[in-house]
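Colleague: I would like a close look at one part of this model. Please keep it brisk and spell out your cut-offs.

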Amino acid sequence: MPYRDGTGICPRCGAPLHGPWSESEKRLQCAGCGGRFVGYGSLARSHPRLSQQLGISPAPLPQTPLACPHCNLPMRALSVTRITIDFCAAHGVWFDTHELERLAGKL
Ligand SMILES: [Zn+2]
Ligand SMILES: [Zn+2]
């Protein structure tokens with residue numbers, strides 16, 4: 001089943017997300033706030049250590065969870081080196097503006 005090219009709404013600011021969301025590359029970006037939603041396969045390729053870190057900790061559901069831009073279910077939150085990131089177990093990880101760069105620099 002083909003995915004749409006632009007898919008989903010930013011869970012932070014409500015602007016549309018754009019980017020490839022295909023079998024080979026899952027990487028959406030918000031034009032409004034700069035947040036990003038990255039699929040696990042794409043994250044493992046670009047940031048393998050961060051991707052491993054996500055796999056090891058059980059994560060609680062926050063009080064006011066963000067919605068996964070792909071399936072709209074509430075995302076869980078995980079604190080990695082004191083940066084809280086939100087993720088959907090099925091689809092990928094949400095990074096607020098610059099969070100991906102900050103995390104990648106610390107791991
Ligand atoms: Zn946004
Ligand atoms: Zn999802």
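In what order do the 6 strands form the open sheet, and in what sense is the pairing?

Modeller: The order is 1-2-3-6-5-4, and the pairing is antiparallel. This is a predicted model, where local features need pLDDT of at least 70, side-chain atom pairs count only at pLDDT 80 or more, and totals for chains, interfaces and linings use all residues. Residues are numbered from 1 along each chain as its sequence is written, while chains are lettered from A and ligands numbered from 1 in the order in which they are written.

Some terms come with the sheet. Helices (H or I, at least four residues) and strands (E, at least two) are DSSP runs, numbered from the N terminus. Two strands pair if DSSP finds at least two bridges between them.

The edges of the sheet are strand 1 (17-18) and strand 4, and each pairs on one side only. Helix 3 (residues 99-106) packs on the sheet. It touches strand 3, strand 4, strand 5 and strand 6. Its direction makes about 115° with that of strand 5. Axes here are lines fitted to C-alpha atoms, for helices over the stretch in contact, and angles run from 0 to 180 degrees between N-to-C directions. Contact means that the C-beta atoms of two residues, placed from the backbone, lie within 7 Å.

Now take the strands pair by pair. Strand 3 (residues 36-39) and strand 6 (residues 92-95) run antiparallel, joined by 4 bridges. Here Arg36 has Phe95 as its bridge partner. Phe95 also has contacts beyond its neighbours within four places in sequence: Gly35, Arg36, Val38, Ile85 and Leu100.

On to strand 5 (residues 83-88), which is joined to strand 6 by 3 bridges, again antiparallel. These two strands form a hairpin with 3 residues between them. Cys88 stands opposite Gly92 of strand 6. Asp86 has Trp94 in strand 6 as its bridge partner. Asp86 of strand 5 also stands opposite Ala77.

Next, the core. The largest nonpolar core has 19 residues. Met75, Phe87, Val93, Trp94 and Phe95 have the most contacts inside it. Strand 2 (27-30), strand 3, strand 5 and strand 6 each give two or more residues to this core. Such a core is a set of buried Ala, Val, Leu, Ile, Met, Phe, Trp, Tyr and Cys residues joined through C-beta atoms within 7 Å. A residue is buried if 20 or more other C-beta atoms lie within 10 Å of its own, exposed if 12 or fewer, and partly exposed in between, with C-beta atoms placed from the backbone.

Ser24 is exposed because it has 9 other C-beta atoms within 10 Å. Its C-alpha atom is separated by 8.0 Å from that of Gly41, 17 residues apart along the chain.

Finally, the whole chain. It has 3 helices and 6 strands, in the pattern β-β-β-α-α-β-β-β-α. Of its 107 residues, 28% are buried.
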